[in-house]
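Here is a quick tour for anyone meeting this structure for the very first time. Have a look at it, then read on.

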Amino acid sequence: MFKKFVYITLTFIPNLAFSNEPKDWQLGFQKSASQSMTDIIWFHDYMLLPIITAITAFVLFLLLYTCIRYRASKNKVASTTSHNTLVEVIWTLVPCLILIVMAVPSFKVLYSQDKIPKAEVTIKAIGYQWYWGYEYPDENIIFDSYMIDEKDLKENQPRLLAVDNAVYVPVNKVIKVMITANDVLHAWALPSFGVKRDAVPGRINETWFKADRTGTFYGQCSELCGIKHAFMPITVNVVTEEEYNQWLENAKIKFAKHKNLNNIKIVKKIKEFN
Ligand SMILES: [Cu+2]
């Protein structure tokens, strides 16, 4: 019973559920792994939530007060007042001020995501119905990333989130992500990095992140793209520089771009021949 209580308490308190993936009964965001997400969480927890709570409580108080204070039995003759200049000025100006106050940190976060610092690693994510394809343009690497079926999951691999070929990126480096799609709209989204961008056919959107800790991070396609929209997850392994170089060495052989292209050409030739 106590264990259950601790579990429920922990999962209901945002940011205490230390995880890089969604958890059952989770409320709030996943734990941040980049400055951008830390800013978003701060903006939500210490700016939006207090303002929303205060406005809701104030409106509720006004409603209850008028219902009780001016109920028919206590207020036989109703007032005929219809205008009050001061009150009207206040209820126009105060919401304006609240919006301006909110806009400042909001734009700051937005522009920090928009301005891409000098990229140390560039990856290209291409949305397909229904999987993600990845390219490392500077490394000549290309591969597809499919969700692992439930029956084939290994231990520690979360259902509907783990993929066969994960993206690898080094920790504490600026990663630029170029995002596009091949058929319909998709969206490349990774909550822990505070990243979400639409993947639009015929157009390249750019975003970036700088992961501040190692680990395996999970995301999902976030634009309804068809019947298997829920089955094209994103897995990013953030590793140390050495581990990343090691992965690169293997990946350059396993996922070499030219080799793939040659294979396609050979298959085409064989098909033509037949
Ligand atoms: Cu999709």
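## Starting at a loop

Let's begin with Leu160, which sits in the loop between β3 and β4 (167-170). Strands like these are DSSP runs of E at least two residues long, while helices are runs of H or I of at least four, and both are numbered from the N terminus. Leu160 isn't a glycine, yet it has a positive phi of about 65°. Leu160 counts as partly exposed because it has 16 C-beta neighbours inside 10 Å. In these terms, a residue is buried with 20 or more other C-beta atoms within 10 Å of its own, exposed with 12 or fewer, and partly exposed in between, the C-beta atoms being placed from the backbone.

Before going further, a word on the model. It is a predicted one, so local features need pLDDT of at least 70 and side-chain atom pairs count only at pLDDT 80 or more, while totals for chains, interfaces and linings use all residues. Residues are numbered from 1 along each chain as its sequence is written.

## The whole chain

How many helices and strands are there in the protein chain? There are 5 helices and 10 strands. The protein chain has 274 residues, and 21% of them count as buried.

Contacts tell us about the chain too; two residues are in contact if their C-beta atoms, placed from the backbone, lie within 7 Å. Take the contacts in the protein chain with a separation of 6 or more: 64% of them come from residues 24 or more positions apart.

Helix α2 covers residues 35-69, which is 35 residues, and reaches 49 Å from its first C-alpha to its last, close to the 51 Å expected at 1.5 Å a residue. (The expected span is 1.5 Å times one less than the number of residues in the helix.) At Leu48, α2 bends by about 35°, with a proline, Pro50, following within four residues. A bend here is the angle between axes fitted to the seven residues ending at a residue and the seven starting there. As for cover, α2 has hardly any: 1 of its 35 residues is buried.

Helix α3 (residues 85-114) has 30 residues, and its first and last C-alpha are 43 Å apart, close to the expected 44 Å. It bends by about 30° at Ala103, and again a proline, Pro105, follows within four residues. Is α3 largely in the open or buried? Of its 30 residues, the number buried is 1, so α3 lies largely in the open.

## Where the two helices meet

The axes of α2 and α3 come within 10 Å and cross at roughly 170°. That makes α2 roughly antiparallel to α3. Axes are lines fitted to C-alpha atoms, for helices over the stretch in contact, with angles from 0 to 180 degrees between N-to-C directions. Angles under 35 degrees count as roughly parallel, over 145 as roughly antiparallel, 65 to 115 as roughly perpendicular, and the rest as oblique.

On the α2 side, the residues in contact include Phe43, Met47 and Ile51, and on the α3 side they include Ile98, Met102 and Val109. By class, the contact of α2 with α3 has 8 nonpolar, 4 polar and 1 charged residues. Here Ala, Val, Leu, Ile, Met, Phe, Trp, Tyr, Cys and Pro count as nonpolar, Asp, Glu, Lys and Arg as charged, and the others, Gly among them, as polar.

## More loops to look at

Trp130 is in the loop between β1 (121-128) and β2 (131-136). A cis peptide bond, with omega about 0°, joins Gln129 and Trp130. Gln129 is also 8.9 Å from Ile227, C-alpha to C-alpha, though the two are 98 residues apart in sequence. Ile227 belongs to the loop between β9 (215-221) and β10 (233-239), and it counts as exposed because it has 8 C-beta neighbours inside 10 Å.

Asn140, in the loop between β2 and β3 (141-145), is not a glycine but has a positive phi of about 65°. With 14 C-beta neighbours inside 10 Å, Asn140 counts as partly exposed.
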